[in-house]
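Labels in a structure rest on cut-offs.

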Amino acid sequence: MAMKIRLARGGSKKRPHYAIVASDSRMPRDGRFLEKLGTYNPLLAKDSEDRVKMNMERVQYWLTQGAQPTDRVARFLEAAGAMPKTERANMKKAEPGAKAKKRAEEKAAKAAKTEE
């Protein structure tokens with residue numbers, strides 16, 4: 001059975017609250033899970049202790065059983081020191097489009113001209 005450690009969404013519209021769960025990868029996002037491992041509240045401040053809470057003993061257990069964390073959960077585990085940091089590819093999606101690049105060049109040229 002392929003296991004995942006992932007987020008299950010709760011809360012109302014525009015007020016998300018997530019549970020960090022261990023589940024079978026074939027189950028739906030908010031569907032059946034085997035164990036609740038913690039919580040994540042994205043509405044709290046980033047430096048708040050209550051933003052991410054995890055039972056690290058159980059997380060380590062599931063990782064040793066072969067569970068794969070999703071990208072977001074892997075970031076939480078890296079911040080907690082439970083996993084080594086991994087190098088992420090900077091996707092091409094992050095680059096501005098051709099028109100935006102052209103506008104930036106024109107703006108830089110205009111700024112250089114006014115500077116002279």
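**Rings and burial**

The structure holds three aromatic pairs. This is a predicted model, in which local features need pLDDT of at least 70, side-chain atom pairs count only at pLDDT 80 or more, and totals for chains, interfaces and linings use all residues. Residues are numbered from 1 along each chain as its sequence is written, and side-chain values use heavy atoms, with hydrogens and water left out.

Q: Why is the aromatic pair of tyrosine 40 and phenylalanine 76 called tilted?
A: Rings of Phe, Tyr and Trp (its six-membered ring) pair if their centres lie within 6.5 Å; planes under 30 degrees apart are stacked, over 60 edge-to-face, and the rest tilted. Here the centres are 4.7 Å apart and the planes make 50°. So the pair counts as tilted.

Q: What makes this pair tie together parts that are 36 residues apart in sequence?
A: Tyrosine 40 lies in strand 3 and phenylalanine 76 in helix 2. Helices (H or I, at least four residues) and strands (E, at least two) are DSSP runs, numbered from the N terminus.

Q: Why is the pair of tyrosine 61 and tryptophan 62 called edge-to-face?
A: Its planes stand at 75°, with 5.3 Å centre to centre. That angle is over 60, so the label is edge-to-face.

Q: Why does tryptophan 62 count as buried?
A: Buried means under 20% relative accessible area, exposed over 50%, partly exposed in between (1.4 Å probe, protein chains only). Tryptophan 62 has 12%, so it is buried.

Q: Why is tyrosine 61 called partly exposed?
A: Its relative accessible area is 34%.
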